[in-house]
Amino acid sequence: MIDQVQLLLEQAFQQDSLTLYVLMFGGGLIASFTPCMYPVLPLTVGYLGNQAGSSRLRVFLLSLSLVTGLAVVYAVLGSIVAA
């Protein structure tokens, strides 16, 4: 199975096809579900809930800023690695 995935990746890199981007996105998505992420979720939810009080708009804005910050950091790191 690993040999098949490796062969598929090698072919995708050589052809620079859309398959490569789909495979890389899928790999990143699978990596986000690693066990290391699960202990952090309750801490994040608790912190955001505590900071926002009872305002749903504030919770939404805090969550949006957290996700945007993570996306920017990962985009910059990905750009650096790609360069």
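Here is a short tour of the model, from the whole chain to a pocket and then to one residue.

This is a predicted model, where local features need pLDDT of at least 70, side-chain atom pairs count only at pLDDT 80 or more, and totals for chains, interfaces and linings use all residues. Residues are numbered from 1 along each chain as its sequence is written, and side-chain values use heavy atoms, with hydrogens and water left out.

**Whole chain.** Start with a cartoon view: the protein has 4 helices and 0 strands (DSSP runs, H or I of at least four residues for helices and E of at least two for strands, numbered from the N terminus). Now zoom out, and the C-alpha trace spans about 50 × 30 × 20 Å along its principal axes.

**Largest pocket.** Next, select Gly28, Leu29, Ser32, Leu70 and Tyr74, the closest to the centre of the largest pocket among its 22 lining residues. A pocket here is an open set of points on a 1 Å grid over the protein atoms alone, where a 1.4 Å probe fits, with protein on both sides within 12 Å along at least five of seven lines; lining residues have an atom within 4 Å of a point. Then highlight α4 (56-82), which gives the largest share of the lining, 8 residues.

**Val45.** Finally, select Val45, in helix α3 (residues 40-52). Is Val45 buried or exposed? Val45 counts as exposed because its relative accessibility is 59% (exposed is over 50%, buried under 20%, partly exposed in between, with a 1.4 Å probe and protein chains only).
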